[in-house]
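Please consider the structure shown below. The paragraphs that follow lead from the whole chain to a single residue.

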Amino acid sequence: MENMTEKFAEFCEELKYEDLPPEVIKRTKLLILDTVGIIIRARHDAESTTSLVSAIDKLEMRNGSCQVFSDKKTYTPSAAALLNGTLAHSLDFDDTHAEASLHSSAPILSAALAAAQMNKSSGQELITACVVGYETQIRLGLAGGSSAHYKKGFHPTATCGVFGAVAAAGYLMGLTKDQFISAFGIALSQSAGSMQFLTDGAWTKRSHVGQAAQNGLSCATMAGEGFKGPSQAFEGQWGYFHSYASGGDFKKALHGLGKKFETLNLGVKPYPSCRYSHAAIDGIIELKNELGFSSEDVDNIDIGLSETALNIIGYPLKDKQHPKSIVDGQFSMPFCAAVTVKSGGLNWDDYNKHLNNNDTLSFCNKIKVSPDEDAEKCCPEYMSAKVKLVVNGVKHEKFVKIPKGEPENFMKDDEFISKFKGLTEPYLSNKRVDQLTEMMLKIDQANNVNSIFEFSQIDV
């Protein structure tokens, strides 16, 4: 195996803003806008936020030099990375790379924002740092093989995310190639994230991502101060690929690095649920628009999914048909489908509305899941699904190969802005929403990224 760690370190040190194609710059700005909207809403609405902020207070990580969106308090850089990162993933509404089966902006942007505030970085530097982080995290995910990684019980957003966070933060700190090698080596001991949360709707999936941002920032800082890490973090005998991953294609990690940008393959979520549920939601919406049925007309629904998707949002079916918490609902194909049938879509406010609705919960029992050959053939490149629906005794079927928001079926700029406004308007004035939107879309013109926090602050 090539010295992958060294190659990634060279990439992280050498990439410049001028090297980025215009479409990568534009896409990164939209991804940043999208993530900031999620952070603002989660700061107020995610049920896990209060305890996290209290823990940060207890640990005396307040009154530092860094800010968090929609919060007038200040935090230490480590706490800001943890809090922004956790919030960015708390709604399960953040961007996704389908083939690598992970989320990128939540761990990477959050580490980059803390490092940018520490170093008074420009908007162009922040954009470049995010791309460096995206490319590192995604390529490790591609090389490791997502299905095998999940079967071991790992959460790739976090296990790969800590290395992406190192790359992004280290870039803004000006780490050298040798320092990046050490930072990746230090991060090897911090790569973590267990899928055990699926068994009882725990909140740890959210904190995995914040901790990846926090740990990545810390590892980059340690390396920058001369702390030595092992030199073969990825390919070594006990490195990432031998300890964490199996069955992947290691050539994918370095193929086209610096020339072909996986950043452009990040998809954005129109619905705040596990990305594997989105193709089915799209299919139900299309059938509902075509047929005009109501939930009372539906006899039953069978949703065909890939094996990877079934293991995350389909099995065990009885549990998925009886969600008890928001996390349960986000990872329940029956619940997401039931809400979509009844409401014509799925938005964040639907969880509180439908998790306590007996009609919706009863309807979940009409929805089953099954293995589907067509969805399996598309996996892992696409998170496809087939909806088989019986309405008043008549069978209907819809196969959705590419869910809304994927690069080939991407959201338009006005759809990004609409999503951002929908997330932020309950807590920010229309004027502030407009100012923040304009600021984020022109972040490449900012001399100091600290200015972007000004328009998101309200008393909490």
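How many helices and strands does the secondary structure of the chain come to? There are 23 helices and eight strands, where helices (H or I, at least four residues) and strands (E, at least two) are DSSP runs numbered from the N terminus. The radius of gyration, taken over C-alpha atoms, is 21 Å, close to the 23 Å that the globule rule gives for 460 residues, so the chain is as compact as a globular protein of that length. That rule is 2.2 Å times the number of residues to the power 0.38.

This is a predicted model, in which local features need pLDDT of at least 70, side-chain atom pairs count only at pLDDT 80 or more, and totals for chains, interfaces and linings use all residues. Residues are numbered from 1 along each chain as its sequence is written, and side-chain values use heavy atoms, with hydrogens and water left out.

Of the 460 residues in the chain, 60% are buried, that is, under 20% relative accessible area (1.4 Å probe, protein chains only). Among contacts (heavy atoms within 4.5 Å) with a separation of 6 or more, 77% join residues 24 or more positions apart.

Beyond its neighbours within four places in sequence, His-89 is in contact with Asp-94, His-103, Ala-106, His-155, Lys-205, Arg-206 and Val-209. Leu-305 lies 216 residues from His-89 along the chain, and their C-alpha atoms are separated by 24 Å.

Definitions and conventions
Buried means under 20% relative accessible area, exposed over 50%, partly exposed in between (1.4 Å probe, protein chains only).
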